[in-house]
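Let's take a walk through this model together, one residue at a time. Please have the sequence and the structure open side by side.

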Amino acid sequence: MFRYFGSMVGPPKTIYDLRKIDGAIRIVCRGCERKTLLDREEFIMRRSVGASSDWAVICRELNCPQCSSRDVKVQIEACGQGLPELRRRRAAMITIELALHNLLRASFSGSRKAIPVEEVRLALRALYPHLQDRSVFEGYWANYTIVDPKPWGNSPMNYYEDMVARLLKQGYPVPAELRAGVWAAT
């Protein structure tokens, strides 16, 4: 069931043990024979708050991303984090996380003076390749650039939540702390 390399002795106890061997997760479906490589940090991020980090539980819960079959073989790819496919996905994940963090901070009227306009523009530009819906970005920008924002008035927060919901719907990982209040796609 497992392939072990590196300095780990026996199966990992938790998902965090994969960090010791810089491991990635490979799921092989016995039904459709699809092989899927998962980034460890992306996988940890997708886990909901309070979900078990026990490796045996995770292996029982995993299913095929294509056919949803639970008849899968879970393999550990030691030193798999350096694979080009995972490096590209990790770069996109980090870009999305940083952009969302900045937009969330900028969504609150009290923080608008502390966050430069250029930082918000850059965050919106960084997210555009992943969402490609101008209306969400234009709505956020219009509400962000209100000259004298009132706490009870229009807020870019609704547009922020819409961005997060769309990213989740498209399968992008969004950290739990940045998903707070976004229930539509979770």
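Which residues does H130 touch, not counting those up to four places away in sequence? Keep in mind as you look that this is a predicted model. H130 touches A92, I96, L167, Q170 and Y172. H130 itself lies in helix α4, which covers residues 117–131. Its relative accessibility is 16%, and because buried means under 20% relative accessible area, H130 counts as buried.

Now turn to N102, which you will find in helix α3, residues 84–106. N102 has a relative accessibility of 17%, so this residue counts as buried too. What does the side chain of N102 make a polar contact with? The partner is the side chain of R105, at 3.3 Å. Once neighbours within four places in sequence are left aside, N102 is in contact with I115, E119 and A123. E119 and A123 bring us back to helix α4, given its span of residues 117–131.

Our last stop is P175, in the loop between α6 (157–169) and α7 (176–179). Is P175 buried or exposed? With a relative accessible area of 4%, P175 is buried. Setting aside its neighbours within four places in sequence, P175 is in contact with M45 and E97. E97 falls within the 84–106 stretch of helix α3.

Key: Residues are numbered from 1 along each chain as its sequence is written. This is a predicted model: local features need pLDDT of at least 70, side-chain atom pairs count only at pLDDT 80 or more; totals for chains, interfaces and linings use all residues. Side-chain values use heavy atoms; hydrogens and water are left out. Helices (H or I, at least four residues) and strands (E, at least two) are DSSP runs, numbered from the N terminus. Buried means under 20% relative accessible area, exposed over 50%, partly exposed in between (1.4 Å probe, protein chains only). A polar contact is a pair of N or O atoms within 3.5 Å; within protein, one must be able to donate a hydrogen and the other to accept it, and residues adjacent in sequence count only if both atoms are side-chain atoms. Contact means heavy atoms within 4.5 Å.
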